[in-house]
Amino acid sequence: MSKNGHGAPASASHDCDSRRRGPGRPPEMEECERRERILDAASEVLQQCGYHAASMDKVAQHSAMSKRTLYQMFHSKQDLFHTLINSRLFNVTPDECHYRENPAEELTELLMNLGRIILRPDRISLIRALITESQESADIRQILTSLRAGGKGNVLTSWLDRYVRQNHYVVEGDICIYSNMLFGMTIGDLMLQSLACASESTWIEENMRPRFHHAARIFLAGFRQDCNRSGSPVP
């Protein structure tokens, strides 16, 4: 594998630090930038060709990378698309939220940050392609199932878990049920609308914030009641 400094432009992974190359040496694309370009190409190939017709050769051509480079970073076609789906749809890390003293405002900001990422037109197009391919491809179904099974660490579940611990609530059952409910009544609802429309929905900040804030307040009020019914607060 070529020698890398771990510097990257803003579009690449945030954990890459910059390092200058020696004088007289040609510029070389950083590993994290190559990775993002390959994932972009894999998404394009999936949407244009479908999973069965997608190949490492086609991804290499779309990314302007050698097939050897692809196999250095991804062991197989399934590994490549597993990484694509996980990084673009499941492993979503929004910006840091503020309003720590106001749970409804903090939750609203978290939902807004998630919406900006998940409801982007390129993400909606990828979801459409996966819905189509999951009916035909056992590989895609297996990838989605394995990622779904490991989805308990999502940011909404993490936020609710912290909220419960800070307020000494008791929750019966799996807290993921509540985070899925919250996602469904906010971002999930908008996602379904976008998937059902021929044209992409427009993300309008001034329209979304009041809607998400209203949903956050309703959800938290019901969540607190449910927690109080579950048992006595932890001392």
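Visitor: Which residues of helix 1 meet Lys58, Val59, His62 and Ser63 in helix 2?

Guide: This is a predicted model, in which local features need pLDDT of at least 70, side-chain atom pairs count only at pLDDT 80 or more, and totals for chains, interfaces and linings use all residues. Residues are numbered from 1 along each chain as its sequence is written, and side-chain values use heavy atoms, with hydrogens and water left out. Helices are DSSP runs (H or I, at least four residues) numbered from the N terminus, and contact means heavy atoms within 4.5 Å. On the helix 1 side, the residues that meet Lys58, Val59, His62 and Ser63 are Arg37, Ile38, Ala41, Ala42, Glu44, Val45, Gln48 and Cys49.

Visitor: How do the residues of the contact of helix 1 with helix 2 divide by class?

Guide: Ala, Val, Leu, Ile, Met, Phe, Trp, Tyr, Cys and Pro count as nonpolar, Asp, Glu, Lys and Arg as charged, and the others, Gly among them, as polar. The contact of helix 1 with helix 2 therefore divides into 6 nonpolar, 3 polar and 3 charged residues.

Visitor: Why is helix 1 oblique to helix 2?

Guide: Axes are lines fitted to C-alpha atoms, for helices over the stretch in contact, and angles run from 0 to 180 degrees between N-to-C directions. Angles under 35 degrees count as roughly parallel, over 145 as roughly antiparallel, 65 to 115 as roughly perpendicular and the rest as oblique. The axes of helix 1 (residues 31-49) and helix 2 (residues 56-63) come within 8 Å and cross at roughly 120°. That angle makes the pair oblique.

Visitor: At what angle do helix 4 and helix 6 pack?

Guide: Helix 4 covers residues 77-90 and helix 6 covers residues 121-134, with their axes 11 Å apart. Leu84, Ile85, Arg88 and Leu89 of helix 4 make the contact with Arg123, Leu126, Ile127 and Leu130 of helix 6. By class, this contact has 6 nonpolar, no polar and 2 charged residues. The packing angle is about 130°.

Visitor: Is Cys32 buried or exposed?

Guide: Buried means under 20% relative accessible area, exposed over 50%, and partly exposed in between (1.4 Å probe, protein chains only). With a relative accessible area of 8%, Cys32 is buried.

Visitor: How many disulfides does the count come to?

Guide: A disulfide is a covalent bond between the sulfur atoms of two cysteines. The rule applied here asks for a pair of cysteine sulfur atoms within 2.5 Å. By this rule the number of disulfides is 0.

Definitions and conventions: Helices (H or I, at least four residues) and strands (E, at least two) are DSSP runs, numbered from the N terminus.
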